[in-house]
Amino acid sequence: MKRAAMWLWTLNKGFLTHGRGLSQGSKYKVSEPLHIHQVQDKLREIVGVSTVWRDHVKAMEERKLLHSFLPKSQKVLPPRKMRDSYIEVLLPLGTDPELRDKYVTVKNTVRFGRILEDLDSLGVLVCYMHNCNHSTKMSPLSIVTVLVDKIDMCKHSLSPEQDIKFTGHVSWVGNTSMEVKMKMFQLHDDEKYWPVLDATFVMVARDSENKGPAFVNPLIPENKEEEELFTQGELNMSRRIAFGTSSLLKVAPSSEERNIIHELFLSTLDPKTISFQSRILPPKAVWMEDTKLKSLDICHPQERNVFNRIFGGFLMRKAYELAWATACSFGGSRPYVVTVDDIMFQKPVEVGSLLFLSSQVCFTQDNYIQVRVHSEVFSLDSREHMTTNVFHFTFMSEKEVPLIFPKTYGESMLYLDGQRHFKSMSTPVTSKKDYPVEP
């Protein structure tokens, strides 16, 4: 009981001094933000695991004893407010040269793949703040990322020599799932933090052994702005359900989409022959099959999360870096990321697995490049291949890029799926002579 009070106190100390609401830019006032290194320390403390790999079996055995603290219904859990889960985290790139080396690229820009790792860890910590349990020394919940709904870059001037600040809080709650809103800001010459990124993640609560669902505390909005955020969370859930229902893996393309594919097909027929088999590329075009890149990683214990599965942020970083390389080699210039969306974590990746990533350009328009990355693992124990994730990234190149043409029906579905993700982009951006966001 004493240890429970201690970790709750250390979590709350310094960043739960409440402010005037969500409209104030930084949302809530805090006395002192967490350092980025403290995020993982807090997570290990809450879950009750050590930094030593050989101790993981003992730690997981201890977590089995937490089952009795799981509620049988959400009704018995006290409601929480958005301010209860609000966190600020500082990434001091400008004042910590050693930390900066981890984030800097060869072109003196910020590695966006590292930012993805930080967002994933922050999202989990935010959810643990929402579900603080005062009756046990460790949290009985296992909170994991299930979906990266959307990450929008609202500014592309990320310098590795200026501090970065993250903020995050729970914005919507279901029975076992939570939506987390996160923002990223960078310090500028005027000594003010300017917005850089908006992110929406969906997290789920599992039992203490990460084997089944668990209830989470309900959420009560305090004012009109929070009510709008909560309502938007409900709309986001409905949108995700509708998007999944209309997936091209389940239903046929629309009439308009079928016409698009047929027009693409007709434009590749050789006018010198009267044959459906003779295909030629139009000017300034590339076959989709010629845009692929692949990679292989061995999933070592170093990349594990607090539940001894491979860290979701690591998977996102590796997928992003391959997608960036694909867009770079395809477009002929160093692109920057505009949007990341609809990353579904379908299956956990076990430590020791072989991680296969396959990336390809599936849609282009003007300077935009839509890249899809398919992730699968090979288990050395079961000898099985399983899809774990599909990632979608929208990049922008400095110059106009070639058009993409599918050859097969399967590639045509990838084209339409890429077009759908591109059209879901919040706001198209224009090219800037600015710091690009690179791997």
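This is a predicted model: local features need pLDDT of at least 70, side-chain atom pairs count only at pLDDT 80 or more; totals for chains, interfaces and linings use all residues.
The buried residues of H6 are Glu226, Phe230, Gly233, Asn236 and Arg240. They cover an arc of only 105° around the axis, which puts them on the same side of the helix.

**Helix H6 and its surroundings**

- An α-helix has 3.6 residues a turn, so residues three or four places apart point the same way.
- At the start of H6, the backbone nitrogen of glutamate 225 lies within 3.2 Å of a side-chain oxygen of asparagine 223.

**The largest nonpolar core**

- The largest nonpolar core comprises 104 residues, and those with the most contacts inside it are Phe112, Ile115, Ile151, Phe166, Leu197 and Phe395.
- Helix H5 (residues 112–130) provides the largest share of this core, with 11 residues.
- Because domain 1 (34–220) and domain 2 (281–426) both give residues to this core, it lies between them.

**Contacts of leucine 197**

- When neighbours within four places in sequence are left aside, leucine 197 is in contact with Phe112, Ile115, Leu119, Ile151, Asp152, Met153, Cys154, Met182, Lys183 and Met184.
- Among these partners are Phe112, Ile115 and Ile151, which, like Leu197, belong to the residues with the most contacts inside the largest nonpolar core.

Key
Residues are numbered from 1 along each chain as its sequence is written. Side-chain values use heavy atoms; hydrogens and water are left out. Buried means under 20% relative accessible area, exposed over 50%, partly exposed in between (1.4 Å probe, protein chains only). Helices (H or I, at least four residues) and strands (E, at least two) are DSSP runs, numbered from the N terminus. The arc is that of the directions from the helix axis to the C-beta atoms. A polar contact is a pair of N or O atoms within 3.5 Å; within protein, one must be able to donate a hydrogen and the other to accept it, and residues adjacent in sequence count only if both atoms are side-chain atoms. A nonpolar core is a set of buried Ala, Val, Leu, Ile, Met, Phe, Trp, Tyr and Cys residues joined through side-chain atoms within 4.5 Å. Domain bounds come from an automatic or database domain assignment. Contact means heavy atoms within 4.5 Å.
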